[in-house]
Amino acid sequence: MKCSIIRTEKICTGHRLHSPFLTDEENKKVYGKCNHPNGHGHNYTIQAVIEGEIIKETGMVMNLVDLKQAMWKVLSQLDHKNVDKDVEYFKNFPSTAENIARWIFTQLSQELPPGSYRLKKIILDETDKNRVEIYE
């Protein structure tokens with residue numbers, strides 16, 4: 001029987017929606033006001049969904065303290081930062097909610113301690129109306 005546990009964290013991050021694959025004119029057309037040269041910010045809510053079997057000895061899928069520590073190791077690279085300037089990945093890819101969720105998923109997958117569970121999904125709420133879910 002599978003079980004999912006979910007940990008929620010919040011971060012504040014600034015960015016500018018601007019793709020190196022588009023011209024300045026195309027960027028303005030695609031991203032509108034979110035392409036403003038000075039950028040803008042969001043209070044993101046991130047949920048990590050871990051799936052696995054409940055371990056008989058501990059009664060847990062994974063120790064939530066370990067999940068919290070792994071999440072903050074990753075999220076501290078974004079929190080109170082301008083991701084376009086402070087995170088190497090976003091110098092080459094637009095900092096859309098989709099790409100931020102993908103980056104978190106990839107980084108968190110590498111930070112989780114070994115166990116009989118897996119990172120199933122990252123859910124990122126950019127606003128109370130915009131949500132991204134990314135999974136393999």
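Which residue has a side chain joined to that of His42 by a polar contact of 3.5 Å?

Tutor: The residue is Glu126: a polar contact of 3.5 Å joins its side chain to that of His42. A polar contact is a pair of N or O atoms within 3.5 Å; within protein, one must be able to donate a hydrogen and the other to accept it, and residues adjacent in sequence count only if both atoms are side-chain atoms. The model is predicted, so local features need pLDDT of at least 70 and side-chain atom pairs count only at pLDDT 80 or more, whereas totals for chains, interfaces and linings use all residues. Residues are numbered from 1 along each chain as its sequence is written, and side-chain values use heavy atoms, with hydrogens and water left out.

His42 belongs to strand β2; helices (H or I, at least four residues) and strands (E, at least two) are DSSP runs, numbered from the N terminus. A further polar contact, of 3.4 Å, links the side chain of His42 to that of His15. Because its relative accessibility is 14%, His42 counts as buried (under 20% relative accessible area, with exposed over 50% and partly exposed in between, for a 1.4 Å probe and protein chains only). With residues up to four places away in sequence not counted, His42 touches Ile11, Cys12, Thr13, His15, Glu126 and Thr127; contact here means heavy atoms within 4.5 Å.

Ser95 sits in the loop between α3 and α4 and counts as buried because its relative accessibility is 0%. A polar atom of the Ser95 side chain lies 3.4 Å from the backbone oxygen of Arg16.

Helix α4 (residues 97–111) has 15 residues and reaches 21 Å from its first C-alpha to its last, close to the 21 Å expected at 1.5 Å a residue; the expected span is 1.5 Å times one less than the number of residues.

His80, in the loop between α2 and β3 (81–82), counts as exposed because its relative accessibility is 64%. Phi of His80 is near 55°, a positive value in a residue other than glycine. Asp86, in helix α3 (residues 83–86), counts as partly exposed because its relative accessibility is 45%. Asp86 and Lys2 are 84 residues apart in sequence and 38 Å apart in space, C-alpha to C-alpha.

These details belong to a protein with four helices and five strands, arranged along the sequence as β-α-β-α-β-α-α-β-β. Its C-alpha atoms fill a box of roughly 60 × 25 × 25 Å, taken along the principal axes. Of its 136 residues, 40% count as buried. Among contacts between residues at least 6 apart in sequence, 68% join residues at least 24 apart.
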